[in-house]
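Please work through each task before reading its solution.

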Amino acid sequence: MSMRYEIRQEPGHTRVNVSGEYEPATAIAILQAGIEAALAHGFHKLLVDARQLTGNPKTMQRFEFSESIARFYHEKRGPDFLRLALVGNEPLIDPERFGAVVANNRGLPAKATTSMDEALKFLDLEGPR
């Protein structure tokens, strides 16, 4: 089953819902679309709900995903900034949060978590789970 996604604007943030089976190139394209949508609407908060996404990316795939997203973010953002929270289940979300470390090291404030509450707190949001 391929990856499916929906991007929508919610109060104060952009939300991307992702489902299906993880595919590296598709995941990068979906996150790039989410970043563009958030910046286009002037939102500085991007919530990616990947709780319906399955897969277990290899370490190198996690690195390439995070590096690609951070590079795209810096190319597109201009003077704007963005905070990214990704919610999913392990093993899609690495127990060591390696991808988030890579993104943060490259200047993209990011959090990977298995807790929607933690993601909302990181984005300074409250609302539906």
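**Exercise 1.** Determine how many aromatic pairs the structure holds.

Solution. Rings of Phe, Tyr and Trp (its six-membered ring) pair if their centres lie within 6.5 Å. The structure holds zero such pairs. The model is predicted: local features need pLDDT of at least 70, side-chain atom pairs count only at pLDDT 80 or more, and totals for chains, interfaces and linings use all residues. Residues are numbered from 1 along each chain as its sequence is written, and side-chain values use heavy atoms, with hydrogens and water left out.

**Exercise 2.** Identify the residues that touch the most other members of the largest nonpolar core.

Solution. A nonpolar core is a set of buried Ala, Val, Leu, Ile, Met, Phe, Trp, Tyr and Cys residues joined through side-chain atoms within 4.5 Å; buried means under 20% relative accessible area (1.4 Å probe, protein chains only). The largest core has 27 residues, and Ile-35, Leu-46, Ile-69 and Leu-84 touch the most other members. Two or more residues each come from β2 (13-21), α1 (24-40), β3 (45-54) and α2 (59-76), helices (H or I, at least four residues) and strands (E, at least two) being DSSP runs numbered from the N terminus. The most, seven residues, come from α1. Another core, of nine residues, lies apart from this one and includes Met-116 and Phe-122.

**Exercise 3.** State which residues lie nearest the centre of the largest cavity.

Solution. A cavity is a set of points on a 1 Å grid over the protein atoms alone where a 1.4 Å probe fits but cannot get out; lining residues have an atom within 4 Å of a point. The lining comprises 28 residues, with Phe-65, Ser-66, Leu-86, Leu-92 and Ile-93 nearest the centre.

Technical notes. Phe/Tyr/Trp six-rings, centres within 6.5 Å; stacked < 30°, edge-to-face > 60°. Buried < 20%, exposed > 50% of the residue type's maximum accessible area, 1.4 Å probe, protein only. 1 Å grid on protein atoms, 1.4 Å probe; cavity = no way out; pocket = protein on both sides within 12 Å on 5 of 7 lines; lining within 4 Å.
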